[in-house]
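Thank you all for making time this morning.

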Amino acid sequence: MASSSPDPADASSVARRLGTVRARMAQACRAAGRAPDSVVLTAVTKTQPPEAIDAILAAGQRVFGENRVQEAQGRWTDHRALVPDLELRLIGPLQTNKAGDAVALFDVIETLDRLKLGDALAAAGGKAGKSVRVLVQVNTGAEPQKAGVLPEDADALIAHARSSGLMVEGLMCIPPADEAPERHFDLLGQIARRNGLKVLSMGMSGDYEAAIGLGATHVRVGSALFGERNTLQTASID
Ligand SMILES: *Cc1c(COP(=O)(O)O)cnc(C)c1O
């Protein structure tokens, strides 16, 4: 595995990049008049080799995002037992038949985007005796190929999820790659405010500072921490 990686995420470069991202987050908070530690960094570890994960855990990072249930199970089950304050967040599309596995592994599922998935998560939570924390993913650009509920359908999905017992904590979005993200971050904030939601998961390596300026509470950062991924898996469905 390690020999096939063109950019080995050695421990010192991972720790250095983590420091840089944290400093830039704090600076973006100050520029926005927010407390420097008011935003959570979710380190996106999809496709990363075990050494990269060991390195960033050693550097003190504890909140992680993965976009595939099965990949995350293989990679995080052991750490889960050893690192008590670990937080795992699912940030990729979820099939209803994997709802039980997702509920078992993840602390928060950021990609609730349809009624049927809400029902499956509520049922899985009931079965596991676990309250299920979710974010609703909004397709702010209404892109046909992208997951997420349409902005005009978000209120109804939030209400449905709440009434079925899910703990709806907030919203998540992935703006269109070819547009300035600000309008999308702003729209997500509007939908959150009118639904009384506090958590906004928005901003990635290229735009997390802009997202912090527009109220992000969680930014999801991968390549700025680990270097460029091989891009094959980034947009794929679980
Ligand atoms: C991969 C991914 C990220 C991280 O992207 P980078 O540009 O590498 O920071 C964030 N959010 C989601 C949903 C992703 O799939």
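Thr47 sits in the loop that joins β1 (40–44) to α2 (50–58), where helices (H or I, at least four residues) and strands (E, at least two) are DSSP runs, numbered from the N terminus. Please keep in mind that this is a predicted model, in which local features need pLDDT of at least 70 and side-chain atom pairs count only at pLDDT 80 or more, while totals for chains, interfaces and linings use all residues. Residues are numbered from 1 along each chain as its sequence is written, and side-chain values use heavy atoms, with hydrogens and water left out.

Thr47 has a phi near 65 degrees, which is a positive value in a residue other than glycine. Is Thr47 buried or exposed, or does it fall in between? Its relative accessibility is 24%, so Thr47 counts as partly exposed, given that buried means under 20% relative accessible area, exposed means over 50%, and partly exposed lies in between (1.4 Å probe, protein chains only).

Ala142 also carries a positive phi, of about 45 degrees, although it is not a glycine. Ala142 belongs to the loop between β5 (133–137) and α6 (154–163), and with a relative accessible area of 44% it is partly exposed.

Let me return to α2. Its buried residues are Ala52, Ile53, Ala55, Ile56 and Leu57. Just after α2 comes Gly60, which takes a positive phi of about 105 degrees.

Now to the whole chain, which has nine helices and eight strands. Its radius of gyration is 17 Å, close to the 18 Å that the globule rule gives for 238 residues, so the chain is as compact as a globular protein of that length; the radius is taken over C-alpha atoms, and the rule is 2.2 Å times the number of residues to the power 0.38. Along its principal axes, the C-alpha trace spans about 45 × 40 × 30 Å.

Buried residues make up 49% of the 238 residues. Among the contacts with a separation of 6 or more, 59% are between residues 24 or more positions apart.

Technical notes. Contact = heavy atoms within 4.5 Å.
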